[in-house]
Amino acid sequence: MDFAASFALIAPELVLTGTGLVLLLVAAWGGDRRAQLVTYLACIGLFGAGVLLVPTLHDGLVGPATSAFGDLFRADAYAGFAKALIYLGAIGCLLVAPAYFDRLKAMRAEYPVLVVFASLGMSIMVSAGDLITLYVGLELNSLAAYVLASILRNDDKSAEAGLKYFVLGALASGILLYGMSLLYGFTGSTSFVGVAAAISGELSTGALFGIVFVLAGLAFKISAVPFHMWTPDVYEGAPTPVSAFFATAPKVAAVALIARVALEVFGSQVDAWRQIVIFLALASIVVGALGAIGQDNIKRLLAFSSINNVGFILIGLAAATAQGASAMLVYLWIYMAMSLGSFVAVLMLKDAEGAPVESISSMSGMVREQPLLSWCLFFLMLSLAGIPPLFGFWGKFVVFQAAVEADMIVLAALGIAASVIGAFYYLKVCKVIMFDESKGVVTGKSNASHWAVLGITSLIISPLGYLLTPSLGDLADKAASALFLGV
């Protein structure tokens, strides 16, 4: 084993580890008065780790040269693509957090440290080459996430969100661990290569149960139906910057992980898991859409929107092709921009005293008091609905195209039909903010960092985003090819 080469491959993780440990000391010595400094240093550390991914993404590195520590870790183009999205999402969520917490006098120095360690866990997850590596990365992310959800210790909703997330997350981790133990017992290996080789022939009943339990445990992490029950409550109860974080970076990591496991480890047994993924996809699309219709809280609506979008992403996975995997990555990029922009817009919904406004009915006619914010939120909602010419349409188009190319025309047709249901609640929000009589509630001013993140995400989801399609498609194709080397 060449340790020098292995350490070079985990350079982004080493940067995040060093950043997290240093900032932990700064937070301990400086206290909460250094929280803003720690936040900006965390952003610099995440950006530095992201810069180290450029050669991997540009060259589309795949194959044995990307394997570290005896194939426990994969630093290939697929992992690089997912890590880039994770780091960008984490940076965006960190930039908008101080203004929110400062109003509550609750900005804590450990908040950015937890985000860095959660990002480190996600980075390990998407680079896993072994079931043990997968579990270590997932638990590192989860432990930080449980604390983030309940970081407002004096707020009952935040404490409740953290407790619900912890209890249900522990249950999902147990299901995942049981599935991993079954796979180990029936294949004699925990490495992805070893498991894939052992199940390439006739699939035993025990290994099949292992596949089912692993997919069930991972489905919780992406909040796919029927493992979605925690999402609306946690998104509503957690502080809004934390909800934004949960909806972006961890979602990307979990989707990237479930795709790697399904296509790389279980790739020879597509028929064994495809029907499960199809059910998860269609159920998530329908339940996410129907669940959002009756919501008046904008954060709960976005939680159901998250469930709905996961369903569309899983259609790309169900195709079980390189084109489907590439479509998933393209959709993830667009979804992250839409989701981050939407939650930042929610952060900017404030009354004259600066108190957050989360009720959709209270946003009536806000275009008259907050025209720029209203138009940004209007276009974000339309993009989430997949209405052209906004960039959200392209994400849905590529996954449906991948399904059709894989001869799954019925699945694509059902997905398109179900997307019409989802358009209803997005259009309802648009109607309330643009056409209803003004209530004059949303009048508070917003921080410059909020406007910056909202402006960037709004530009990405606008028709200008289509200028990114050639380079984005090329990077996604290179990344997806890493999952099909042994298939």
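Reader: Is aspartate 436 buried or exposed?
Author: This is a predicted model, where local features need pLDDT of at least 70, side-chain atom pairs count only at pLDDT 80 or more, and totals for chains, interfaces and linings use all residues. Residues are numbered from 1 along each chain as its sequence is written, and side-chain values use heavy atoms, with hydrogens and water left out. Buried means under 20% relative accessible area, exposed over 50%, partly exposed in between, with a 1.4 Å probe and protein chains only. Aspartate 436 has a relative accessible area of 19%, so it counts as buried.

Reader: Which residue has a side chain that makes a polar contact with the side chain of aspartate 436?
Author: A polar contact is a pair of N or O atoms within 3.5 Å; within protein, one must be able to donate a hydrogen and the other to accept it, and residues adjacent in sequence count only if both atoms are side-chain atoms. Aspartate 436 touches Ser364, Gly365, Arg368 and Lys431, leaving out residues up to four places away in sequence; contact means heavy atoms within 4.5 Å. The side-chain pair is 3.1 Å apart, and the partner is lysine 431.

Reader: Where does serine 223 lie, and what is its phi?
Author: Serine 223 sits in the loop between α10 and α11. Helices (H or I, at least four residues) and strands (E, at least two) are DSSP runs, numbered from the N terminus. Serine 223 is buried because its relative accessibility is 0%. Its phi is positive, in a residue other than glycine, and near 55°.

Reader: Which peptide bond is cis in the loop that holds proline 226?
Author: Most residues other than glycine have a negative phi, and most peptide bonds are trans. Proline 226 lies in the loop between α10 (205–221) and α11 (231–237). Omega is about 10° for the cis bond, which joins valine 225 and proline 226.

Reader: How are α12 and α16 oriented, parallel or antiparallel?
Author: Helix α12 (residues 240–247) packs against helix α16 (residues 322–347) at about 170°, with axes 9 Å apart. Axes are lines fitted to C-alpha atoms, for helices over the stretch in contact, and angles run from 0 to 180 degrees between N-to-C directions. Angles under 35 degrees count as roughly parallel, over 145 as roughly antiparallel, 65 to 115 as roughly perpendicular and the rest as oblique. The angle therefore makes α12 and α16 roughly antiparallel.
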